[in-house]
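Me: Could you take a close look at how the helices pack against one another in this model? I'd enjoy a connected walk through the contacts.

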Amino acid sequence: MTSALDFDAGVAIVAGGSGGIGAGICRRFAAAGIPVVFTYCSNEERALALGAEIAAFGGRSEHHKVDLSSAADVETLFATVHSRHGRIAHVIYAAGPHFEFNFIGSIPEADWHRVINADLHGAFNLIQSAVRCFRSQGVGGSLTAIITSAVERFPIKDGMSAAPKAAIEMLIRGVAKESGRFGIRANCVGPGWINAGLGRVAIQDKLDEKTRESTRRLLPLQRFGEADDIAWAVLFLASRQANYVTGQSLAVDGGLQL
């Protein structure tokens, strides 16, 4: 017997792979021997650096600049990846725009529309393309969305994260219920205070030292998380060991929801 995870053959698409959490997911999948295709929005330098890092430890990856809010761009991505690599086995949504924390009553309308267009519409386009792809391949696949633990315990001023991610969670649950008969599994991972990406910005720049320490002490595990904590959870959900897990949201938050 072995305790190692194993995976269906095929490539993984990681949307938002150049971000803090997304990069951690790319590294972990590539280290597991899964070819990774990741997208970025504007920071080509960061995408190139991640690709070089993965190549340095023997992993396989490629990156594409994709506007996730464009359904046509996302469809083109899937068609390109399928033509180059064959089966797409895993799709991970790890994208999301930067925004300023604000009270709901003070969010500028333009900011709200920008975040919803980038996050919710972008996730919808990726999820829809993934379902179509998995069905056309005839062998199913694994779909995972990175949301937020804020969908269960709303943090003040975090509405522009919690609201679209809650909608994304419902889309994922819908896919699990509608498409399970086609061998498609769909799950979410909900990060808490993670020292990567937008979470790092919040921890390092938005919280003063006293607030940062009091926030850390509120967590049962008494520490902020790292990108790799999220990556391991996503890797498990993509594995054959999780082949009877679907429609679930796994909080990786150090106990924040308790």
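Reply: Happy to. Let's begin with helix 4 (residues 109-137) and helix 5 (residues 159-179), whose axes lie 10 Å apart and meet at an angle of about 15 degrees. An angle under 35 degrees counts as roughly parallel, so helix 4 is roughly parallel to helix 5. Please keep in mind that this is a predicted model. The way helix 4 passes helix 5 is a right-handed crossing.

On the helix 4 side, the contact involves Asp111, Trp112, Val115, Ile116, Asp119, Leu120, Ala123, Phe124, Ile127 and Val131. Helix 5 answers with Gly159, Met160, Ala163, Pro164, Lys165, Ala167, Ile168, Leu171, Ile172, Val175 and Ser179. Sorted by class, the contact between helix 4 and helix 5 holds 16 nonpolar, two polar and three charged residues.

Now to helix 1, which has two packing partners to look at here. With helix 2 (residues 44-56), helix 1 packs at about 25 degrees, and the two axes are 10 Å apart. Helix 1 is therefore roughly parallel to helix 2. This pair, helix 1 and helix 2, also has a right-handed crossing. Helix 1 brings Ala23, Cys26, Arg27 and Ala30 to the contact, while helix 2 supplies Leu50, Glu53 and Ile54. In that contact of helix 1 with helix 2, five residues are nonpolar, none is polar and two are charged.

The other partner is helix 8 (residues 227-238): helix 1 (residues 20-31) packs with it at an angle of about 50 degrees, with 8 Å between the axes. That angle makes helix 1 oblique to helix 8. Here, too, the crossing of helix 1 and helix 8 is right-handed. From helix 1, the residues in contact are Gly20, Ile21, Gly24, Ile25, Arg28 and Phe29. They meet Ala227, Asp228, Ile230, Ala231, Trp232, Val234, Leu235 and Ala238 in helix 8. The class count for helix 1 with helix 8 is 10 nonpolar, two polar and two charged residues.

To finish, a word on the aromatic rings. Searching the whole structure turns up two aromatic pairs. There is also a charge placed over a ring: Arg135 sits over the face of Phe182, 3.7 Å from the ring centre.

Methods:
Residues numbered from 1 in each chain as written. Predicted model: local features only at pLDDT ≥ 70, side-chain atom pairs only at ≥ 80, totals over all residues. Heavy atoms only, no water. Axes fitted to C-alpha atoms, helices over the stretch in contact; angles between N-to-C directions. Helix = DSSP H or I, 4+ residues; strand = E, 2+ residues; numbered from the N terminus. Parallel < 35°, antiparallel > 145°, perpendicular 65-115°, else oblique. Left-handed = near helix turned anticlockwise from the far one by under 90°. Contact = heavy atoms within 4.5 Å. Nonpolar A, V, L, I, M, F, W, Y, C, P; charged D, E, K, R; others polar. Phe/Tyr/Trp six-rings, centres within 6.5 Å; stacked < 30°, edge-to-face > 60°. Lys NZ or Arg CZ within 6 Å of the ring centre and 35° of its normal.
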